Amino acid sequence: MLDPTQFTSAMRKAATPVSIVTTSGEHGPHGATVSAVCSLTAAPPAVLICINKNSRILGMIEEHGVYCVNYIAQSHDQLALAFAGVPDLADQRNFGSDHWTIDPQTSLPVLSNAAAIFTCLHIQTVSFGTHRILIGKVERADSTEARPLTYWDGDFRSVADMG
Ligand SMILES: Cc1cc2nc3c(=O)[nH]c(=O)nc-3n(C[C@H](O)[C@H](O)[C@H](O)COP(=O)(O)O)c2cc1C
């Protein structure tokens, strides 16, 4: 079997967009930074997201049945670290700041000036190893002119020089 360290070392070089996935329910809104998001099909519009089985947001999404994928823009690096659980930034892991509005229809937190935003209905969970693959039917898709921020080689990197 391939050494997992070899796998993660090579995977660090695969640049990914970064999102903050949000959900909301009887215990209030919650969010987590997630880079493993992928377009699944255009018809019907669907995405998949991969979530560690120990993440709190997994059960919340399954319980609430609806979530929002907010692709972060260049100004959101600290916010993404906060929603990844970095202790020093814990005070930013809430939805009270100017970064967030609450969608009155879904009660989901929506990130202001996100590069793209997808509102999803949870359809199915697939288990594999340490992670769960969530398939979501996209009910709404929005985008802005904000440039997305990518993550590669262990850091956030701008795509500003791509023209
Ligand atoms: C750049 C970045 C990308 C991440 N991508 C994922 C991911 O795709 N899936 C995942 O389960 N966790 C990912 N994480 C880790 C979660 O954000 C972190 O475990 C978070 O604390 C989970 O929160 P929760 O337990 O409240 O759900 C990522 C963290 C960072 C910094």
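The dialogue below moves from the whole chain to single residues.

Reply: Please keep in mind throughout that this is a predicted model.

Me: How many helices and strands does the protein chain have, and what share of its residues is buried?

Reply: The secondary structure consists of 3 helices and 12 strands, and buried residues account for 28% of the 163 residues in the protein chain.

Me: What does the radius of gyration say about the protein chain?

Reply: The idea is to compare the value with that of a compact globule, which for 163 residues would be near 15 Å; the protein chain has 15 Å, so the two agree. Along the principal axes, the C-alpha atoms fill a box of roughly 45 × 35 × 35 Å. Of the contacts between residues at least 6 apart in sequence, 64% join residues at least 24 apart.

Me: Which strands pair with β9, and in what sense?

Reply: Strand β9 (residues 116-128) pairs with β6 (residues 66-71) in the antiparallel sense over 6 bridges, and in this pairing Val69 stands opposite Phe118. Strand β9 is also joined to β10 (residues 131-143) by 12 bridges, again running antiparallel, with Leu134 of β10 as the bridge partner of Thr125. The hairpin of β9 and β10 has 2 residues between the strands, and Gly129 there takes a positive phi near 55 degrees.

Me: Which residues of helix α2 are buried?

Reply: In α2 (residues 56-64), the buried residues are Ile57, Met60, Ile61 and His64. They lie on the same side of α2, because they cover an arc of only 100 degrees around the axis. The buried residues of α2 pack against several strands, among them β6, β9 and β10. Just after α2 comes Gly65, with a positive phi of about 80 degrees.

Me: Where is Asn113 found, and what is its phi?

Reply: Asn113 is found in the loop between β8 and β9, and its phi is positive, at about 60 degrees. With 15 other C-beta atoms within 10 Å, Asn113 is partly exposed.

Note on methods: Residues are numbered from 1 along each chain as its sequence is written. This is a predicted model: local features need pLDDT of at least 70, side-chain atom pairs count only at pLDDT 80 or more; totals for chains, interfaces and linings use all residues. Two strands pair if DSSP finds at least two bridges between them. Helices (H or I, at least four residues) and strands (E, at least two) are DSSP runs, numbered from the N terminus. A residue is buried if 20 or more other C-beta atoms lie within 10 Å of its own, exposed if 12 or fewer, and partly exposed in between; C-beta atoms are placed from the backbone. The arc is that of the directions from the helix axis to the C-beta atoms. Two residues are in contact if their C-beta atoms, placed from the backbone, lie within 7 Å. The radius of gyration is taken over C-alpha atoms; the globule rule is 2.2 Å times the number of residues to the power 0.38.
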